[in-house]
Each structure stands twice: as structure tokens, then as C-alpha cells.
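Visitor: Hi, I'm new to this one. Could you walk me through it?

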Amino acid sequence: MSHGDDESTVEVLPHGAGPAVLLHGSLDIWIHEARNLPNKDILSKTMGDLLRKKPKSSEAMTSDPYVTVQVASAVVARTFVIPDDENPAWAQHFLVPVAHEAAAVQFVVKDSDVVGAELIGVVAVPADQLEAGDRVEGVYPVLEPSGKQCAPGAVLKLAVQYVPVKRLTMYHHGVTPGPDFPGVPNTYFPLRRGGRVTLYQDAHAPEGCLPEIRLGDGAGYRHGQCWRDVYDAVSSARRLIYITGWSLFHTIHLRRDGGDERPLGDLLKRKSQEGVRVLLLVWDDPTSRNVLGFQMEGYMGTRDEETRRFFKHSSVQILLCPRSAGKRHSWVKQQETGTIFTHHQKTVIVDADAGNHRRKIVAFVGGLDLCGGRYDTPRHALFRTIQTLHKEDYYNPNFAVVDARGPREPWHDLHSKIDGPAAYDVLKNFEERWLKASKRSGAKKLTKSHNDSLLWIEKIADIVAIDDEIYSNDNDPERWDVQIFRSIDSNSVKGFPKDPREATSKNLVCGKNVLIDMSVQTAYVNAIRAAQHFIYIENQYFLGSSFQWDAHKDVGANNLIPIEIALKIANKIYANERFSAYIVIPMWPEGNPTGTPTQRILYWQKKTMEMMYAIIYRALKEVGLDGQYEPQDYLNFFCLGNREAEDTPSTSGGPVSAGNPQDQARKNRRFMVYVHSKGMIVDDEYVIIGSANINQRSMEGTRDTEIAMGAYQPQHTWANTLSAPRGQIFGYRMSLWAEHIGALEESFTHPESLECVRQVRHTGERNWEQFVSSEVTEMQGHLLKYPVSVDRKGIVKPLPECSTFPDLGGNICGSFMNIQENLTI
């Protein structure tokens with residue numbers, strides 16, 4: 001939930017409240033109405049009237065109440081604001097996932113003001129009263145922090161019931177428990193059945209660069225070639241090409257295999273001239289501006305203004321879309337959102353051949369923007385491709401000065417192609433965003449009417465419908481079922497209900513003056529809770545569940561994903577069952593690792609690791625297995641790095657300065673492989689891939705805008721085969737592991753096993769020793785054990801011999817430095 005300018009948490013424990021208890025499951029909440037609330041608005045309304053064009057009448061001048069639901073230090077739900085009403089009736093229902101240790105569930109009544117919010121009072125329901133699972137309901141006095149009723153007769157009518165995970169049977173039989181699986185519940189887009197999915201690792205996987213992987217039917221797994229497929233799909237489009245991106249470079253070459261393929265910008269112009277509708281929706285970086293005639297490139301290097309100028313006199317239509325908080329938010333919130341947060345979705349949507357002279361919609365979704373520095377292969381070269389594949393695409397933003405002698409920053413990413421009904425939901429997302437962006441006065445427009453730019457495909461006879469029979473073959477062994485998820489709010493899309501009372505019917509969440517789609521986090525939590533054997537995650541960031549950290553509990557990084565993984569492992573330990581989690585993250589977040597933002601993020605990351613390992617150790621200790629096993633027998637963190645021996649002596653050239661990080665990295669012939677992936681594989685039967693990082697920015701829905709897909713093959717699930725699935729998702733994970741480890745071992749087919757966990761961890765430790773060695777040697781694989789020490793009690797510390805990053809410096813465990821929190825969580 002939002003932790004914005006009005007969401008400071010309060011702690012008012014009920015009289016006689018018991019100790020904190022773990023609430024892990026769902027809270028079923030009804031907030032009905034309040035009565036006799038005090039008028040908190042006399043002073044604030046007087047100030048507000050000075051700011052309004054039309055002052056309100058004094059008769060109407062009273063509180064604008066709303067309620068937030070707080071568990072531990074996290075706000076987990078909130079009602080909409082009812083203006084000027086001391087007896088508000090919300091009648092709102094919430095079904096909230098929780099994984100919090102708390103003494104009470106608090107219902108905090110607030111008055112929404114021009115400059116934020118003011119506390120009216122609190123109703124606190126003891127957690128031990130909820131723990132039994134009975135429905136607790138009634139009319140409760142609204143109390144001030146002192147314990148005094150906030151006004152005579154001030155009450156709140158509510159009902160709340162806690163349902164623990166062990167009673168939520170939907171999680172007991174796997175992520176996809178059978179042919180009638182309805183998809184992830186309580187989401188905006190439904191599960192779509194039928195079609196095909198292609199899974200990609202890196203922008204390009206050349207033929208023969210990865211080992212052959214056999215699937216259950218004996219067929220070989222086919223390694224996808226992402227940017228080649230994007231190029232071919234764009235080239236073959238006849239009706240539409242819609243692209244959303246954090247960044248888009250018109251100069252980028254999608255294919256680099258020796259042909260004369262034109263750069264992306266020229267290709268899009270050509271397709272537009274052919275009559276294809278080409279629409280581009282790109283984030284408007286607020287730091288790239290024309291100041292006194294000088295064009296500022298922008299802090300993030302997205303080249304948005306350059307891209308706009310390139311297409312200016314063409315029929316390609318581009319909207320540079322700022323991240324807006326909406327006019328109804330406070331000025332502070334508007335400035336924060338517009339400056340700090342971004343539009344982060346990465347999609348390409350085209351029409352494609354459907355046979356019989358018909359067309360269909362195909363969509364690419366994932367972590368790859370069509371911009372500089374993203375093209376890479378599983379080899380992740382540091383120096384060898386600088387004069388060939390990366391000659392005009394050298395990229396390494398971790399050094400202060402661009403020095404194209406290398407090393408370049410290798411780029412690892414995950415992406416997908418959806419050829420099926422779910423592609424139409426990706427199209428719907430584009431349409432909703434385009435309509436909103438084209439109406440906003442701040443968007444830079446190239447034509448007079450962008451509302452007329454969208455093609456209404458329902459009216460185009462040769463484009464098949466979302467429910468067309470071409471997708472309906474239930475017995476196809478290679479069929480996929482796919483669901484689309486988002487992190488986005490009503491300030492970025494057109495089509496959400498105007499009346500917040502209708503939010504529940506669309507599975508949207510209430511924020512302050514905004515409706516939110518938080519289904520990316522919903523999808524992750526659902527998959528983790530239903531996991532039976534293992535979880536494999538690759539993500540650019542991994543931090544959250546701050547309400548359970550040992551410090552900074554109220555920082556607001558409240559996403560549930562880290563604690564859900566830790567509790568999943570703990571529950572498996574209590575049940576005496578094996579379970580493993582593998583998490584691959586970058587060595588450090590891109591940029592100078594000694595810089596304040598990076599050090600703060602690394603500090604949060606360490607806090608997240610500590611919290612997870614503490615939960616696992618506590619479970620081992622409680623069942624008496626702490627002498628036999630350690631937390632890293634269940635949970636391990638990795639990063640990626642590469643080292644390249646010189647092909648011929650002295651190709652680096654030039655003097656080497658001990659104080660110059662790039663000189664040192666060039667001398668030692670090493671650098672991290674940047675993990676930009678945003679994906680998860682569960683039990684080799686379910687995969688999530690998208691643009692969303694595992695942090696608050698990506699999961700909250702009111703910060704960065706995100707999109708993801710969750711998919712599985714119904715014929716290749718534990719429920720269907722009664723054994724470990726060996727479909728495309730299995731092939732994809734094995735292919736990723738082959739890329740990272742440089743080999744395939746038999747134990748990899750059973751990733752939940754202790755043998756596999758220890759073998760992969762040992763490989764990562766051995767590779768780290770090779771990475772930091774004074775002797776330069778070629779690395780077979782790239783998987784490195786994340787460079788922190790985790791002891792048998794789960795205590796996370798710096799490595800004794802290496803507490804800072806090789807060559808570049810910066811504390812691996814981070815530092816607590818003063819910087820705006822919302823920038824780093």
C-alpha cells in the first residue's frame with residue numbers, strides 16, 4: 001500500500017493487548033461506517049479556502065475522513081476519502097494478504113487535508129483475538145493516542161477475520177493445481193487460455209552457444225533469439241506497431257549478424273510510410289530539458305528528447321509521457337512522483353499473420369528496453385566484442401568517464417513473446433495508457449489529436465478476436481495459459497472507474513485520490529505461497545518486508561515478497577520437507593558503487609537478507625535441526641561476473657592508475673554481468689517475466705508503472721504429470737543455469753534437493769575465488785556466490801577478506817547514508 005505523504009503510521013495498542021503474533025495469510029476486512037467524528041477542518045479548511053477559487057460554505061466545512069488499516073508498521077489497506085462528512089459510510093470490503101508480526105490490527109481514521117492528513121483516532125483489534133480465526137465485528141470507539149475517545153460518541157463499525165495460510169487450500173496443491181485453475185485471483189486481467197509463449201534469455205542467443213537440453217517428450221529446448229524476433233515481427237507488421245519503453249534509441253540495431261538491417265528508427269519510419277500505425281509511448285525524463293538553448297542529456301541517459309526530435313517530421317507518433325501523480329494530490333506528492341518515479345513498462349505490440357488471410361495480435365513483454373547497452377549474448381564479453389558487436393554500442397555507466405577501451409558492462413535480461421489471447425490484454429494496457437497520456441497537457445504532442453491515433457481493432461475485420469477459435473485447442477500439448485499483471489494507477493491509465501466504490505469489482509485498490517492495480521505483487525505472493533519445491537528468481541533489485549527488519553521498520557519498503565519466501569521455507573522446515581530458493585541479483589545496482597544512493601540500496605538489501613535468514617534459522621532451531629542444517633541449505637543469493645584472459649598480450653594499452661577504477665578493472669580483466677532480469681520460476685511449472693523489480697518502486701503501483709506476464713503449460717504441471725514437469729519452463733530454467741554455470745549437472749534437474757543447493761553454492765564460491773584472484777584466468781561460468789558471509793545462525797556480515805567491491809570499491813553490505821528514502825526503496 002501507499003506510503004506517501006499522508007501515510008505515516010501510528011501505534012495505539014489496545015488495553016490489555018497480548019504479545020505480537022505472526023499473521024500469515026489473509027485479512028478479510030469490512031469497513032462499514034463511522035459516526036460522530038470530530039470536525040478537524042476548521043483551521044485547515046481556512047487555509048484551504050485561501051487556495052481555492054471558490055471557498056466552501058461554512059456549513060459544509062468539516063472533516064474529510066478516510067481509514068487506513070495498519071499491521072505492524074505497514075499500511076495494508078485504505079478506504080476512499082469522503083469529503084465533509086462526520087458520519088461517513090464507506091461499506092468497503094478488502095481481502096488483504098499479510099505476513100506480519102503484530103500485536104494488533106489498527107484501523108486509523110484520518111482527515112484528508114490540503115497539505116496531507118491529520119489523525120482523528122484509532123480502533124485497535126488485538127492480534128491474539130484474531131489468531132483463532134473467528135470473525136471479529138462490532139462498533140468500536142475511535143480513540144486518540146492517549147486512549148481518550150476522540151469525540152463524544154465517535155465510533156467505527158467494522159468486521160475483520162484472519163485466515164491463516166494453512167487454511168487457504170488454494171495454496172496447498174501447487175501453483176497450477178489442475179485443469180480448472182482459474183488463474184491468480186483478485187487481478188484486473190483474467191487468465192487467458194491458449195496460444196504460444198516464447199521465453200528469452202538475453203537480447204540474442206546465437207546458435208550453438210548453449211548446450212542442448214532435452215525436454216520430457218524427447219524434443220530439444222529451442223533457445224529464443226529476442227531482438228531478432230522483435231525485428232522480424234516489426235518488419236512483418238501490416239496494421240500496427242505499438243511500443244512502450246522506459247527508453248528507446250532510434251539508432252539501435254536489433255540484428256547484428258552480418259546483414260544490412262537498418263536501425264530501429266529507420267525501420268519504424270519505413271513501416272509508418274507503408275501505412276502501419278506506429279505509436280511510441282516513452283517515459284519523459286524530467287532531467288532531459290532544453291535550458292537556455294542548451295539541450296541537457298538527462299541524468300538517466302534515456303535520450304527521450306533525441307528520439308522525439310528524430311521522429312518529429314515523420315508519420316511515427318511519439319508521446320513523451322511524464323510520470324504524474326495527478327492534480328488531486330498534494331504539491332509535494334506531485335513533485336516527488338514526477339521527479340523520482342518513472343514509466344517502466346517494456347512492451348512491443350504488433351499484428352502478425354494468423355493464416356487464412358487474417359491477422360492476430362502478438363506482444364513482447366519483459367525487462368529489455370530497445371536502447372543502448374542492452375544487446376548481449378550468454379557469453380557476456382567484456383572486451384572481445386568492443387570493436388564488433390558493440391562497436392557503436394559501448395556501455396558502462398559505472399565509471400565517471402567513458403573510456404571505450406573497456407571493460408563494457410555485460411547485460412543479462414529476461415523477456416517473452418505472447419502469441420495468444422493474453423496479447424490483447426497487453427494491447428489494452430497500451431490503449432489505456434495512450435488515452436491518458438494524450439489527454440494530459442504535460443505530454444509532448446506531435447499531432448493535433450492523439451485520441452484518433454489508436455486503431456480500434458474490433459472494427460478491423462481481418463484481425464481475429466480475443467476469443468477466436470484459433471486459440472481453443474485444449475488438447476494441444478504445447479498450449480500455454482497466460483495472465484497479465486500490472487503495477488499502475490489511475491493517474492497513468494484511462495478506464496478505471498470514476499467512483500472508488502466500484503474499485504473492488506475491477507480488483508483495484510484504493511489509494512489517496514487514486515485507484516491502483518497492484519496485481520504484479522499479487523501474482524508473486526500467490527506463486528510463492530503455492531510453491532511446493534523451489535523458487536528461482538532473477539531480479540535487478542531484491543529488498544522489501546521492512547516491517548520485519550531489525551531496524552528501520554517504518555521505512556516503507558513493505559512489499560511482501562522477501563518475507564513470503566522466508567516463511568515458505570520455514571513452513572517447509574516445520575513440515576520436514578525440502579525446499580530451496582535461489583536468488584540472482586546484480587553485484588551492485590548500476591552506477592558508482594561508492595555513491596550514496598547505491599550504498600543505501602545495498603544497506604536495505606542486507607537488511608532484507610538478514611530478516612530472511614533470521615526466520616529460517618529460527619525455524620531450524622525450533623525443530624532441532626540447526627546442528628544438521630544451516631540457512632544456506634535452503635536460501636542462497638548469487639550475482640554474475642566475468643573475467644576474460646587477453647587474447648594477445650598488452651591489448652589493454654596505456655598506463656594503469658591505482659586510483660582509477662576503470663584502469664583497475666581493465667588491468668584485472670573483470671567486471672560484473674549486470675542482472676537486469678525481472679523474473680521468477682516456481683517448481684518448473686510457472687514463470688513470471690516482466691518489467692517489475694522486487695522493491696517498493698515496482699510493487700506499490702503508485703510509483704513506477706510496470707507490466708508482467710505469468711504463464712504455464714497445462715500439460716506440463718505437477719498436477720498433470722504427477723512428477724517433475726519437463727516442459728518449456730523446465731527447459732528455460734536449465735538453459736539459464738547452463739548460461740550462468742557453464743555446464744549442466746544431473747542434480748540441476750532436482751533443484752529442491754540438498755545436493756543441488758550445495759553443488760550450486762560451491763560452484764558460486766569457487767567462481768568468486770577465481771573472480772577476485774590476482775591471477776587472470778578465463779571463466780567457464782558467470783555465477784558467483786553473492787559476496788557476503790552467512791554463518792550457521794543466519795548472521796550476514798562482510799567477507800573477512802573482501803568487504804568492498806573489487807576494483808571499484810564501495811561497501812558490499814552498504815552504508816546507511818542520508819538520502820530521500822523513496823529514491824532507494
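Predicted model: local features only at pLDDT ≥ 70, side-chain atom pairs only at ≥ 80, totals over all residues.

Visitor: Okay, what is the strand order in the open sheet that has β4 in it?

Guide: That open sheet has four strands in the order β4-β1-β8-β7, with antiparallel pairing. Its edge strands, each pairing on one side only, are β4 (89-102) and β7 (136-141). Strands here are DSSP runs (E, at least two residues), as are helices (H or I, at least four), and both are numbered from the N terminus. Two strands pair if DSSP finds at least two bridges between them.

Visitor: How many bridges join β7 to β8?

Guide: Six bridges join β7 to β8 (residues 155-164), and the two run antiparallel. One spot to look at is Glu-137, which stands opposite Ala-159 in β8.

Visitor: And what's the order in the sheet with β3?

Guide: This open sheet of four strands runs β3-β2-β5-β6, with antiparallel pairing. The edges are β3 (74-78) and β6 (116-126), each pairing on one side only. Inside, seven bridges join β2 (residues 65-71) to the antiparallel β5 (residues 104-113). Val-71 has Val-105 in β5 as its bridge partner.

Visitor: Switching to helices: at what angle do α8 and α9 pack?

Guide: α8 (residues 519-530) and α9 (residues 561-574) pack at about 5°, with their axes 9 Å apart. That makes α8 roughly parallel to α9, a label for angles under 35 degrees, while over 145 is roughly antiparallel, 65 to 115 roughly perpendicular and the rest oblique. Axes are lines fitted to C-alpha atoms, for helices over the stretch in contact, and angles run from 0 to 180 degrees between N-to-C directions.

Visitor: Which residues make the contact there?

Guide: On α8, Tyr-524, Val-525, Ile-528, Arg-529 and Ala-530 take part, and on α9, Ile-561, Glu-564, Ile-565 and Lys-568. Contact means heavy atoms within 4.5 Å. By class, this contact has six nonpolar, no polar and three charged residues. Nonpolar covers Ala, Val, Leu, Ile, Met, Phe, Trp, Tyr, Cys and Pro, charged covers Asp, Glu, Lys and Arg, and the others, Gly among them, are polar.

Visitor: What about α3 and α4, how far apart are their axes?

Guide: The axes of α3 (226-236) and α4 (residues 264-273) are 9 Å apart, at an angle of about 20°. So α3 is roughly parallel to α4.

Visitor: How many cavities of 30 Å³ or more are there?

Guide: The count comes to six. A cavity is a set of points, on a 1 Å grid over the protein atoms alone, where a 1.4 Å probe fits but cannot get out, and lining residues have an atom within 4 Å of a point. Volume is the space filled by probe spheres set on the points, which are joined across faces, edges and corners.

Visitor: Last one: where does Pro-407 lie?

Guide: Pro-407 lies in the loop between β17 (358-366) and β18 (411-412). A cis peptide bond joins Gly-406 and Pro-407, with omega about 0°.

Key. Residues numbered from 1 in each chain as written. Heavy atoms only, no water. 1 Å grid on protein atoms, 1.4 Å probe; cavity = no way out; pocket = protein on both sides within 12 Å on 5 of 7 lines; lining within 4 Å.
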